[in-house]
Amino acid sequence: MRETWVVGAASNRFGKMKETGREAATRVSLAAIEASGLSPKDIGYTFVSNCFGIAEHQAHVGPLINGGLGIPEVPSCTIESACSSSSAALHEAFVQVAGGFVDAALVVGAEKLSHLDTLAATSYFATAADYAFETKNGATFPGLYATLASAYLAAHPTTPEMLGAIAVKNHANAARNPHAHFQKEISMATYLSSPIIASPLRLYDCCPFSDGAAAVVVAAKEFVKSPRSEPLVVRASARAGSITEMQDRPDLLGLPASQTAGAKAFRQAHMEPRDIDFAEVHDCFTIAEALALEDLGFFPRGQGARAAMDGLTTRDGKLPVNSSGGLKAKGHPVSATGVSQVVEVFEQFNGLAPGREVPRTQTALTHNVGATGGSCSVHIFSRR
Amino acid sequence: MSSDLLPAAPHTVEEWVRSYEGGGPLRGLRCPACGLITATWGLACPRCAHIGLVEHELPQVGKVVAFTLLTVPGDEFLNDAPYAYVVVELDGGGRITGWMPSVKTVDGLTIGERVRFVSSYRPGVQFARESEAPDAGRAA
């Protein structure tokens, strides 16, 4: 297997886009290629994620992006894995490059849902659950994660302030991230006074519906003679699946796919959780960050929810988590989310995160979940 | 492999979902190899991958193991919010998810509470507290 690097990365500002997903995807792709020092003609394969492109009446967007980049002859492939779509696309790009099939690949994710009302957007999100056995029984995405939260709260002593501290932390980070949807801090009082959406989750426990696009360029070390930026060496690219339906899971106190993908990634990288300097984890809801920290082995069972309140996951903590603001506050444009986590790592490694720097940037982990854990990707990066 | 060699599914997903609306039965499957009982349609056991699940009618009573009160519903439940979305552990094994329109407040339900499947002529698996459930929904 060839040593594989992330050599370029770019993101637009998440929130509400005027342009289409296709335009945004093309724009961030070109920015990522430029940041890499390569040219579009160096790209051997394009992996695209645009999970809800049909909401814009557009499927098969890969050739349109490649055409807009001046490389219509380059093959493209659309990868869908719900909220983990673009990290799944990154995994496929890694396989192509590390396996020697292409020297460089483009990975881009884009989503636009802001032209839909909340009900329509909620319904689109819910299609990633099991329609017959969950959605038809009344489930929504906040509802499914709230059910996990209910099980967690019943098993572990957890106060509202613990989940609130996760929201407050991630908003504080997003306030310093120009890519973020919500560039404002919130107080604990604001969190606690926000309305219940799906008990026990409040409005400020939930990520927003965001538009957005992000892209990275992956290339073989031997192909990149003189990288323009400090590359991210891909130490691990692991994926896992698990039973989608909560009714068939042996317990509701974690996401098995996160546990499996995390363990695989640490084995690939020959690392342990204590070797990671900072992490971007899937926090579509505050409870999801707590579960991720436990599933990945960073904290013991029952301790993930209190980590933010105890200052362990703030930017100056033992393990900075979601310095970008996370899905919670940077935003969650479904198909751009996984790649945007890698953009944050790229910016931290290259000193491009002023105001939200983390103290140690030798290694980093990204964790991206599809829906309520039917899929999961974990990537580990290091400096050269 | 020709289609007549594929393992037969006892029922289609559509038949399962329709049975919920008509008051039952609550269809399920049992794995003869590992004993798993599941309320989710499939051709092989999600735990041990054994092919050859057998039909298994699920009990209609159980206890709540996790729940949420939803105030922002999906589009098929617009006029029903708030309602509870529940994971129920059925007596005799197996879990199933469903909804409870009779629960209107966060403190209106507790984990461990006994519930019973009721006929709703509405989508989904509908439960009510066992003490409130009408006879019409009871298993034969």
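This note goes through a predicted model with chains A and B, point by point.

1. **Conventions.** Residue numbers start from 1 along each chain as its sequence is written, while chains are lettered from A and ligands numbered from 1 in the order in which they are written. Because the model is predicted, local features need pLDDT of at least 70 and side-chain atom pairs count only at pLDDT 80 or more, whereas totals for chains, interfaces and linings use all residues.

2. **Interface of A and B.** On chain A, 30 residues are in contact with 30 residues of chain B. Contact here means that the C-beta atoms of two residues, placed from the backbone, lie within 7 Å. Three elements of chain A each supply at least two residues to the side that touches chain B: helix 4 (118-126), helix 5 (141-155) and strand 5 (196-198). Helix 5 of chain A gives the most, with seven residues. Helices (H or I, at least four residues) and strands (E, at least two) are DSSP runs, numbered from the N terminus.

3. **Make-up of that side.** The side of chain A that touches chain B has 15 nonpolar, eleven polar and four charged residues. Nonpolar covers Ala, Val, Leu, Ile, Met, Phe, Trp, Tyr, Cys and Pro; charged covers Asp, Glu, Lys and Arg; the others, Gly among them, count as polar.

4. **Helix 5 against helix 9.** Helix 5 of chain A also meets helix 9 (residues 286-295) of chain A: their axes come within 9 Å and cross at roughly 60 degrees. Axes are lines fitted to C-alpha atoms, for helices over the stretch in contact, and angles run from 0 to 180 degrees between N-to-C directions. The two helices of chain A are therefore oblique to each other. Oblique is what remains after roughly parallel (under 35 degrees), roughly antiparallel (over 145) and roughly perpendicular (65 to 115). The crossing of helix 5 and helix 9 of chain A is left-handed, that is, the near helix is turned anticlockwise from the far one by less than a right angle.

5. **Residues at the crossing.** Helix 5 of chain A brings A:Tyr145, A:Leu148, A:Ala149 and A:Tyr152 to the contact, and helix 9 of chain A brings A:Ile287, A:Ala288, A:Ala290 and A:Leu291. By class, the contact has eight nonpolar, no polar and no charged residues.

6. **Chain B overall.** Chain B has one helix and eight strands. Their order from the N terminus is α-β-β-β-β-β-β-β-β. Of the 140 residues in chain B, 38% are buried. Buried means 20 or more other C-beta atoms within 10 Å of the residue's own, exposed 12 or fewer, and partly exposed in between, with C-beta atoms placed from the backbone. Among contacts in chain B with a separation of 6 or more, 49% join residues 24 or more positions apart.

7. **Domains of chain B.** Chain B splits into domain 1 (3-58) and domain 2 (61-137); the bounds come from an automatic or database domain assignment. The C-alpha centres of the two domains of chain B lie 22 Å apart. Eleven residues of domain 1 of chain B are in contact with 15 residues of domain 2 of chain B. On the domain 1 side, helix 1, strand 1 and strand 2 of chain B give two or more residues each. That side divides into five nonpolar, five polar and one charged.

8. **B:His56.** This residue sits in strand 3 (residues 54-58) of chain B. B:His56 is partly exposed, because 19 other C-beta atoms lie within 10 Å. Beyond its neighbours within four places in sequence, B:His56 is in contact with B:Gly28, B:Leu29, B:Arg30 and B:Ile37. B:Arg30 is 26 residues away in sequence, yet 5.8 Å away in space, C-alpha to C-alpha.

9. **Backbone points to check.** Most residues other than glycine have a negative phi, and most peptide bonds are trans. B:Gly24 and B:Pro25 are joined by a cis peptide bond, with omega about 5 degrees. B:Pro25 lies in the loop between helix 1 (13-21) and strand 1 (26-30) of chain B. Another cis bond joins B:Ala81 and B:Pro82, with omega about -5 degrees. B:Pro82 lies in the loop between strand 4 (61-70) and strand 5 (83-90) of chain B.

10. **Positive phi.** A:His60 has phi near 55 degrees, in the loop between strand 2 (45-49) and helix 2 (62-68) of chain A. A:His60 is exposed, with 11 other C-beta atoms within 10 Å. For B:Ala49, phi is near 70 degrees. B:Ala49 is in the loop between strand 2 (37-38) and strand 3 of chain B, and B:Ala49 is exposed, with 10 other C-beta atoms within 10 Å.
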